[in-house]
Amino acid sequence: MMFLRLLTIVTVACSVALPAAADPGRHAPKPRPEPSQTLVIRAGSGGPASRHLLLPLHKAAIIELPEDSRDVLVSSPDIVDAVVRTPRRIYVVGLKVGQSNAFFFNAGGKQLLNLEIVVERDLDALRNLIGRSIPGADVKAEMVNDNVILTGSVRSASDADAAKEIAIRYVTEANMALRKEAVVNRIAIRGGEQVMLRVRVAEMQRTLSKQLGVDISSAFNIGRSVPVTLDSVNPFSLLGQALSTSQQFKFGSLATGNSVEATVQALERTGLVRTLAQPNLTAISGESAKFLAGGEFPVPTSRDRDGNVQIEFKPFGVGLGFTPVVLSEGRISLHISTEVSEITGENAFVSQGGSFTDSNGNTLTVPGITIPGLRVRRAETTVELPSGGSMVMAGLLQQSMRQNIDGIPGLKNLPIIGALFQSRDYQNGETELVVIVTPYLVEPTSAENLQGPTDGFAPPTDAETVLLSRLNATYGPKDGKPQGSLKGPIGFIVQ
């Protein structure tokens, strides 16, 4: 049968495949058709010609026959439409993605051509669009049915995601939902995808405590028969106790039947704490990593029906967690959380214990417990840095001053002599904390290029320990030449 239709012919590019040469003994795949506008069929001495045609969607191809045709049969008219312009020139148009075939016959019923047609989307526009939108991308696109497979390589994960988004919108018809499942992303990343994060936590804590207290003890008689005793004990309420009980000055006067004794405590404490931690952690782009250098302490959480205490361990120390995402070559997005914590007696929970009776009438005695508190400095943020660039993620400058004066009401307010009936407790604390982060794009290296803190260590002999007080003989590199001290960087190499 013959299909005659009227349509406007637009000269466009199409793809045509010539059959591969027969090669018995070798099953080679059919080559990809080469672009062409017209498929010309030469007259053959044998049977009908057989050709393969790769037809872009919504585009046309021209078929030139060696002799006049009479009938054209298309197996799937909804996929391919054939228009007979002249007996020897036929136009085929791709209407829908799929496969079909067409048969061409002359007036005598002789078959002139067997044409296998595959209708696919024209991916040249997609390749050009990806090349213009993503500089440096080497992306290839192929069709499988109505799905797109992306291969090749780009410089970063963000470029790969951008290529996939472009392909999704290319295969999606207008005013339709995005066909995300129609794109298979097999693009490789050329750039380094492993990120090492170096964090430097530096903290200085300075504390100053002063205590000044006067305790008076006196005994005298009123008349000859009424003895009177006065004692004044002024505690240090801020720190809870005296800094030292051995530093006391006592003075007094002793008369007949009368005595006065005064105890003066003048104490001062200055403290300095230095904290420096440099945790280093490596993770693949998009994956999370965690690090903790410290310990865990038990915290009671509940009791079972037999009165046994259930505990849970809480971590403390220097902790680090981060998730890197390589945006482009040399640009890294980091989600970082870091923490510096230590056990302290401040805000500790103290239970005095006691006795209770269980359901069976048994009396159980529970001892008292003390749960220490934690002093925590924590920071969490998301930043974008170049490889090797640094940024202060957190900075803290804190100063706290506390002062208490305890004494006997009225007497402690007297000028000059009021100091004999009071105690002063003073505390001042200063903290400076800085957290600096530096990400690096890294690649694996040989184990021979890495040095550990235990390399070159040699234990001392008994004579060196007893006579020279040495805890180690010497440190030295692998070539045997002693170096005398441990040098860094240790354990990692940054290039």
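Reader: Which hand does the crossing have where α1 passes α2?
Author: This is a predicted model, where local features need pLDDT of at least 70, side-chain atom pairs count only at pLDDT 80 or more, and totals for chains, interfaces and linings use all residues. Residues are numbered from 1 along each chain as its sequence is written, and side-chain values use heavy atoms, leaving out hydrogens and water. A crossing is left-handed if the near helix is turned anticlockwise from the far one by less than a right angle, and right-handed if clockwise. Where α1 passes α2, the crossing is right-handed.

Reader: At what angle do helix α1 and helix α2 pack?
Author: Helix α1 covers residues 124-133 and helix α2 covers residues 157-171; helices are DSSP runs of H or I with at least four residues, strands are runs of E with at least two, and both are numbered from the N terminus. Their axes are 10 Å apart, an axis being a line fitted to C-alpha atoms, for helices over the stretch in contact, with angles from 0 to 180 degrees between N-to-C directions. The two helices pack at an angle of about 145 degrees.

Reader: How many helices and strands does the protein chain have?
Author: The protein chain is 495 residues long, and 32% of them count as buried (under 20% relative accessible area, with exposed over 50% and partly exposed in between, using a 1.4 Å probe and protein chains only). Among its contacts between residues at least 6 apart in sequence, 64% join residues at least 24 apart. As for its elements, the chain has three helices and 27 strands.

Reader: Why does S153 count as buried?
Author: S153 lies in strand β12, residues 147-154. Beyond its neighbours within four places in sequence, S153 is in contact with A137, D138, V139, I187, A188 and R190. S153 counts as buried because its relative accessibility is 15%.

Reader: What is the order of the open sheet with mixed pairing?
Author: Two strands pair if DSSP finds at least two bridges between them. The edge strands, each pairing on one side only, are β3 (38-40) and β7 (80-86). The four strands run in the order β3-β5-β8-β7.

Reader: Which residues have the most contacts inside the largest nonpolar core?
Author: A nonpolar core is a set of buried Ala, Val, Leu, Ile, Met, Phe, Trp, Tyr and Cys residues joined through side-chain atoms within 4.5 Å. The largest one has 25 residues, and strands giving two or more of them include β4 (49-56), β6 (71-74) and β9 (98-105). β10 gives the most, with five residues. Those with the most contacts inside the core are F104 and L115.

Reader: How many residues are in the second, separate core?
Author: Nonpolar side chains tend to be buried together in soluble globular proteins. Here, the second core is separate, and V326, L385, M393 and V437 are among its members. Its count of residues is 23.

Reader: Is P298 buried, partly exposed or exposed?
Author: P298 is in strand β20, residues 289-303, and is in contact with I311, E312 and F313, leaving aside neighbours within four places in sequence. P298 and Q310 are twelve residues apart in sequence, and their C-alpha atoms are 9.5 Å apart. With a relative accessibility of 42%, P298 counts as partly exposed.

Reader: Which edge strands does the open sheet with antiparallel pairing have?
Author: This sheet of four strands has the order β20-β21-β22-β25. Its twist averages 20 degrees from one strand to the next. Each edge strand pairs on one side only, and these are β20 and β25 (369-386).

Reader: Over how many bridges do β22 and β25 pair?
Author: S341 is in strand β22, residues 331-351, and counts as buried because its relative accessibility is 7%. Elsewhere in the pairing, S337 stands opposite E380 in β25. β22 and β25 pair in the antiparallel sense, and the number of bridges is 17.

Terms used: Contact = heavy atoms within 4.5 Å.
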